[in-house]
Amino acid sequence: MARILVADDDDLIVDLVRFTLEAKGHEIMVANDGDEAIDIATTEEPELIILDGMMPGSDGLQVLRRLGQGGAPSVPVIMLSARKQQQDVVGGLELGAEDYLVKPFMPEELAMRVSKVLRARA
Amino acid sequence: MHDWLQFFWEHIVAAALGDLGEVVAFTVIGISMTQNLVYLVLLVVAFVVMATRQSFRQSRALWSGLVDLAPPITVIAPAFDEEATVVENVRSLMALKYPRFTVVLVNDGSNDGTLGALEAAFGLVPADRAPRSELEHAPVRGVYTSPALPNLLVVDKENGGKADALNAGLTYAESDLVCAVDVDCLLEADALLRVVQPFVEDPDHVVAMGGTVRVANGCAVKGGRIKRIGLPGNLLARLQTVEYLRAFMMARVSWGRIGALMIVSGAFGIFRRDVLIEVGGYDRHTVGEDLEVVVRIHRFMRDHDRRYRVEFVPDPVCWTQVPEELGALARQRVRWQRGAIESFVRHKDMMLKRRYGRAGMIGLAQILFLDILTPLVELVGYVLLPVFFVLGVINWDFIIAYLALTFAFGIFISVGSLILEEVELSRFPRATDLARLTLVAIFENFGYRQLNNYWRLIGHLHHLRGKKGWGRQQRRAFAAG
Amino acid sequence: MILSTGLLDRLLQAIWTTALVLVVAGLIVMLALIFRRRLQEWLESRRAPLRNAARAGLMSWLDRGFIPPKSLLATMKLPADEFATTLDETAQLVKGAARERLAELGREVGVDVHLRRRLRARLAATRIQAARRLSLFADDENRSALAAALDDDVKSVRLVAAEAALRAGADFDGVLDQLWDDTALADRGAARLFLAMAQGWPEALARRLDVHDPAMRQLLALQALAEAGAVATWPRIRAMRKATSVALREVALLALVRLDLPVLPGEIEDALGDAEARVRRLALRLVPRHHPKIGRERLEALAADEDTGVRRAAAALLPSGEEAGSHTLPLETARA
């Protein structure tokens, strides 16, 4: 199964995502802010990143941009976005995010999209 | 002949001097007592406000409660010679938790590479934006946006000072609400959401909103946010921690409720854009533009018979790095005092006029009494009362009463603010922090308080001599960790 | 000498004794608070593992419908309100079947019973929080508890209870009939409730629009339908353009702007002929952006309006000479 980085400053969401995905056998790493997300993404080389739209340090879009360095990031990214942040979603997809989920979301749906993205990359 | 002279000296001159001394002594103690009664009232009002407020304590509830109702905001951040920190500061502003907002960074003619740093980090391109007001400000050299960050606007202009830069930012703001911030302050992620609440509840009348500013020294900072609240190790900074608590938790909370809040901190305040523009924007010729503009808003709204409210939100939203060296602190305080006096002098005709309602009857009178008069009277007391005592004009009871008023009451007010913080907010994470702050609250009354009064006196003298400008300013970069 | 009189001496004594009493009292309270905090730190150090275990149990329940016994034990040991908070926060992050599973877990460990008890608490803030949280539990028992809270003494409790009842699946008209004449619907505090109604039940809310009702609730309903983008209800919103209340006519026009409908230019044209100058002025402000194809004669007619504001606004819009047809928006008039 895959090594997945969850970047979100809300520990409840991190737990939720972690449990959902660990149950499917994935290995989870956690970053609590944007800068940490970039650190871990570059040093640990996760196979997938789940990225919150709003975080301290650098927000989700800035992280995407810095990961991609102009082009689409080499790691697939799924954006998690809050209501009313639709422009983030559009921006995220433009910057090369593979998929997005809007909070509140269904945990099953998250698991499904994760396996879909991973399958597409395999 | 000799006898006559002696008689004259003993019975006329000495008695007259004694009576005069008595009058002075009683004036001093009377003013000191009034001051303490005012503080007592403020403390009680603050307790009532804090106990009855309905606020979202948790950030998550705040978001879901307001996300659909919160109006767009433009955050205006003036920057001058901030090459080293500006990129990180903009990043942290862009990561605020708020549904719809734009950041307008105004480069106020920096001499260093502030603009270059922004260009390198965000790939600025010229933006097609027309000015939307006719406020006066130094010429704008260019307006830029970032293809990567569509809600960032950089206004590059010639140097004109902070007020001038804010006006330039206002000129390019588009939303109905604007938020003026100090770019080197650390904001809580949900600062905008918290402070915008009064506007959401009463959009027709709320014109300005302030929030609590706290001391960032000693806090652990990461990614432009406070990670963990802590106490500064430096004694001066620790004294200011208590001082800020008292000023915001006690004074501004209750002045806000009373309707006589005359200042919204320049470090963080939200305003109705149309009102700021109508009153003519920030004043470019005062050192206390954040105080002056609020006084002017009061004046304008009353002059035009409009119903309005200036509101204060007690939640801490903004953390500022306070000076840790005596010289820097002295310069800051002298400048604040000059700002207060300038604003007061300019608007003194509002005082005690029915037309200006509570802003005039209480707000301006309060500035005169608490900010200008009492610090001087207290200094006079320190010098004269011992002399009077030696001369036998006043007795022990008087000295003890005066000392109790000054010191015991002072301690009570400081500790009271601390109690208020702990009962209603409990933001300090550890019991030991509280214990240390209690000690600071006691000992600040011996030395620090007198020093502050002395700086106010100097500010007064500077004002009389008509000194202009901001004074030298030193800013410390935030230590990560 | 005044000083020698006993009265003054007593006054001075009173001053310093009061000050001393206050300072001693303040310090005692502060010491008590420091002690309380110390106690909380100790409690917290014992509670943290419980909380983590409870949360793990919650997640596992969400994922597999099963709680490890150790987690269940931890959940039971936690103060009821603390688990209610975690449950509520999680419920806000998920939707669909996961939400129902959370409600099931809540019932299992008695969170709904706890919340129903809190719904009768003395502090209004507690009741509000309980009502909001009860919206997770869509069953008759909790719906009737929320219905009872519609009679609460405090306005904001009634409003939150109504929203929660609706979310918990109560009958829309049933709730609104009970609340319709409530003073709570007459101020801005109700904006959130109206928005929730406009988002979840736009048709039912739009059916309550009434041209003859001048009350604030009509205004809030219109604004909410616009904010929620309830395009399908536009015929009823348009009908409100003929409301008897001037404020309502204005808000109805703004609502149509918000929904950005093709009928908008016609409605603006119509509002330019409104009997009330305020409405005509508003319509004029909307012209540049939303009805740029307006006829020149129409503007010229308005430039001779009886109201000075209308005259001035219309004159400002009249294109000067050859530039006809390319209106630009004058500064600061876009604030609609």
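This is a predicted model: local features need pLDDT of at least 70, side-chain atom pairs count only at pLDDT 80 or more; totals for chains, interfaces and linings use all residues.
**Chain A**

I began with the element count and found 5 helices and 5 strands in chain A. Read from the N terminus, the order is β-α-β-α-β-α-β-α-β-α. I then looked up burial: of the 122 residues in chain A, 52% are buried. For contacts between residues at least 6 apart in sequence, I noted that 59% join residues at least 24 apart.

**Chain A against chain C**

Here I looked up which residues touch across the two chains. The contact takes 12 residues of chain A and 15 residues of chain C. On the chain A side, helix α1 (residues 11-22) gives the largest share, 6 residues. I sorted that side of chain A by class and got 9 nonpolar, 1 polar and 2 charged residues.

**Chain B against chain C**

I repeated the search for chains B and C, and it returned 33 residues from chain B and 29 residues from chain C. On the chain B side, α1, α2 (59-66), α13 and α14 each supply at least two residues. The largest share, 15 residues, belongs to α13(B). The class count for this side of chain B is 18 nonpolar, 5 polar and 10 charged residues.

**Domains of chain B**

Chain B is split into domain 1 (24-51 + 366-465) and domain 2 (72-361). I took the distance between the domain centres over C-alpha atoms as 28 Å. Domain 1 of chain B puts 35 residues into the contact, and domain 2 of chain B puts in 30 residues. I listed the elements with two or more residues on the domain 1 side: α1 (2-52), α12 (357-391), α13 (396-424), α14 (431-443) and α15 (448-465) of chain B. Among these, α15(B) has the largest share, with 9 residues. The domain 1 side divides into 20 nonpolar, 8 polar and 7 charged residues.

**The sheet of chain B**

I traced an open sheet of 10 strands in chain B, in the order β3-β4-β5-β2-β1-β6-β11-β8-β12-β7, with mixed pairing. Its edge strands are β3 (125-126) and β7 (186-187) of chain B, each of which pairs on one side only. Within the sheet I looked at β6(B), which runs antiparallel to strand β11 (residues 268-272) of chain B and is joined to that strand by 5 bridges. One bridge I checked sets Val181(B) against Phe268(B) in β11(B). Helix α5(B) packs on the sheet and touches β1 (73-79), β2 (101-108), β4 (140-145), β5 (152-157) and β6 of chain B. The direction of α5(B) makes about 145° with that of β1(B).

Next I looked up the loop between α5 (162-172) and β6 (177-181) of chain B, where Asp176(B) sits. I called Asp176(B) partly exposed because 16 other C-beta atoms lie within 10 Å, a count between the limits of 12 for exposed and 20 for buried. Asp176(B) lies 43 Å from Thr438(B), C-alpha to C-alpha, and the two are 262 residues apart in sequence.

**A hairpin in chain B**

Strands β9 (residues 220-222) and β10 (residues 225-228) of chain B pair antiparallel over 3 bridges. They form a hairpin with 2 residues between the strands. Lys222(B) has Arg225(B) in β10(B) as its bridge partner. In the turn, I noted a positive phi of about 55° at Gly223(B).

**Helices α8 and α13 of chain B**

I looked up how helix α8 (residues 235-258) of chain B meets α13(B): the axes are 9 Å apart, at an angle of about 70°. I therefore recorded α8(B) as roughly perpendicular to α13(B). From α8(B) the contact uses Val242(B), Leu245(B), Arg246(B), Met249(B) and Met250(B). From α13(B) it uses Ile413(B), Ser414(B), Ser417(B), Leu418(B), Leu420(B) and Glu421(B). By class, this contact has 7 nonpolar, 2 polar and 2 charged residues.

**Ala228 of chain C**

My last entry concerns Ala228(C), in the loop between α12 (216-227) and α13 (234-239) of chain C. Ala228(C) counts as buried because 21 other C-beta atoms lie within 10 Å, where the cut-off is 20 or more. Beyond its neighbours within four places in sequence, Ala228(C) is in contact with Leu195(C), Ala198(C), Gln199(C) and Pro202(C). For Ala198(C), 30 residues away along the chain, I took a C-alpha separation from Ala228(C) of 6.0 Å.

Technical notes:
Residues are numbered from 1 along each chain as its sequence is written. Chains are lettered from A and ligands numbered from 1 in the order in which they are written. Helices (H or I, at least four residues) and strands (E, at least two) are DSSP runs, numbered from the N terminus. Two residues are in contact if their C-beta atoms, placed from the backbone, lie within 7 Å. Ala, Val, Leu, Ile, Met, Phe, Trp, Tyr, Cys and Pro count as nonpolar, Asp, Glu, Lys and Arg as charged, and the others, Gly among them, as polar. Domain bounds come from an automatic or database domain assignment. Two strands pair if DSSP finds at least two bridges between them. Axes are lines fitted to C-alpha atoms, for helices over the stretch in contact, and angles run from 0 to 180 degrees between N-to-C directions. Angles under 35 degrees count as roughly parallel, over 145 as roughly antiparallel, 65 to 115 as roughly perpendicular and the rest as oblique.
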